[in-house]
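User: I would like to learn how to read the features of a model like this one. Can you take me through it step by step?

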Amino acid sequence: MSQPAADAETPTSEPSHPLLSAERLKAFEDAVVAIAMTLLILPLLESVSEFAREGKSSLEFVQEEHSQLFSFGLSFLIIAVFWMTHHRVFDRVEKVTSPLVWLQVGWMLTIVWLPVSTALLGAMDPDTAQKLLYIGALLASSLFMLATRLYLRRRPELHRIDPESLRRGIIAEIVTSAMFAIALLIAVLVPAIGYGAMFLLVLSGPVQALFARGRVSRKGRTAQDSAEHG
């Protein structure tokens, strides 16, 4: 006995069906990043208008708004680096699933929050809450990328990323997240250092290189042991 045809309007349950195509997700994220980077400049534009109304000079603007200028430049650079890292990963992602989409929604949330925390950094005196909101957002962004890389490692059918490249990326995100976490702790616990603790991030490259050399050394010893006992 034949089964009745399914109603065309009846939704089917497809838990693995992607919410967006890979290309649409990439385009959407690029747009979100571009908007976030553009929003960073708005506080400075408002300040320019105020200085113009007061008849102040450009030099006075630079002197009095140096904090906002610094926070703008720092956040612009950080978002650019985050986007380049994200692009290197997703350039080789060909399919997406619902969990992967939601991981990206979380990552985008940390990006669009940065213009707000940047405005706080440039306009107000540093305090604990401000550091948590700014450095904490950077840490969250790095953790979302780490979770994304780990998910992609579990789902190789979604991408064409070389396993060794993916492994190196995971190590890089672990190191970067650790550096953000340490910087946040130092910034909060040692107010005299404050945001200067973020200079710890320059150590990310050397630490990653140490991990890489350690892995190569272990591989070499393993190969030598195999040859000796072969």
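This is a predicted model: local features need pLDDT of at least 70, side-chain atom pairs count only at pLDDT 80 or more; totals for chains, interfaces and linings use all residues.

User: Which residue does the side chain of arginine 149 meet in a salt bridge?

Analyst: The general idea comes first. Side chains of opposite charge can pair when their charged atoms come close. Here the partner is glutamate 173, at 3.5 Å from N to O. The two belong to distant parts of the chain: glutamate 173 sits in helix α7 and arginine 149 in helix α6, 24 residues apart. Glutamate 173 has 7% relative accessibility, so glutamate 173 counts as buried too.

User: Where do lysine 26 and glutamate 23 lie?

Analyst: Think about helix geometry. An α-helix has 3.6 residues a turn, so residues three or four places apart point the same way. Both lysine 26 and glutamate 23 are in helix α1, 3 residues apart, about one turn of the helix. Now check the exposure of each partner. Lysine 26 is buried, at 14% relative accessible area. Glutamate 23 is exposed, at 53%.

User: What about lysine 56 and glutamate 64, and how do their side chains meet?

Analyst: They form a salt bridge of 3.3 Å, N to O. Lysine 56 has a relative accessible area of 32%, so lysine 56 is partly exposed. Glutamate 64 is partly exposed as well, at 43%.

User: Let me step back to the overall fold. How many helices and strands does the protein chain have?

Analyst: Count the elements, then read their order. The chain has 8 helices and 0 strands. Along the sequence the pattern reads α-α-α-α-α-α-α-α. Next, ask how far apart in sequence the contacting residues are. Among contacts between residues at least 6 apart, 77% join residues at least 24 apart.

User: What share of the residues counts as buried?

Analyst: Of the 230 residues in the protein chain, 36% count as buried. The chain exposes about 13800 Å², and carbon and sulfur atoms supply 66% of it.

User: Which helices do the buried residues of α4 pack against?

Analyst: List the buried positions, then trace their partners. Buried residues of α4 include Ser75, Ile78, Ile79, Phe82 and Phe90. The buried residues of this helix pack against α1, α2, α5, α6 and α7.

User: Which residues touch the most other members of the largest nonpolar core?

Analyst: Look for the members with the most neighbours inside the core. Of its 43 residues, these are Ile79, Leu100, Tyr134, Leu138 and Met198. Helices α1, α4, α5, α6 and α7 each supply at least two residues of this core. The largest share, 9 residues, comes from α6.

User: Where is proline 115, and what is it in contact with?

Analyst: Proline 115 is in helix α5. With a relative accessible area of 10%, proline 115 is buried.

User: Which residues make the nonpolar surface patch?

Analyst: Ile35, Leu39, Leu42 and Leu45 make one of about 350 Å². Helices α1 and α2 each give two or more residues to the patch. Leucine 42 lies in α2. At 40% relative accessibility, leucine 42 counts as partly exposed.

Conventions. Residues are numbered from 1 along each chain as its sequence is written. Side-chain values use heavy atoms; hydrogens and water are left out. Buried means under 20% relative accessible area, exposed over 50%, partly exposed in between (1.4 Å probe, protein chains only). Helices (H or I, at least four residues) and strands (E, at least two) are DSSP runs, numbered from the N terminus. Contact means heavy atoms within 4.5 Å. Patches are made of residues with over 30% relative accessible area and no salt bridge: like charges are joined within 9 Å, nonpolar side chains (Val, Leu, Ile, Met, Phe, Trp, Tyr) within 5 Å. Accessible areas come from the Shrake-Rupley method with a 1.4 Å probe; for residues, only the protein chains shown count as cover. A salt bridge is a side-chain nitrogen of Lys or Arg within 4 Å of a carboxyl oxygen of Asp or Glu. A nonpolar core is a set of buried Ala, Val, Leu, Ile, Met, Phe, Trp, Tyr and Cys residues joined through side-chain atoms within 4.5 Å.
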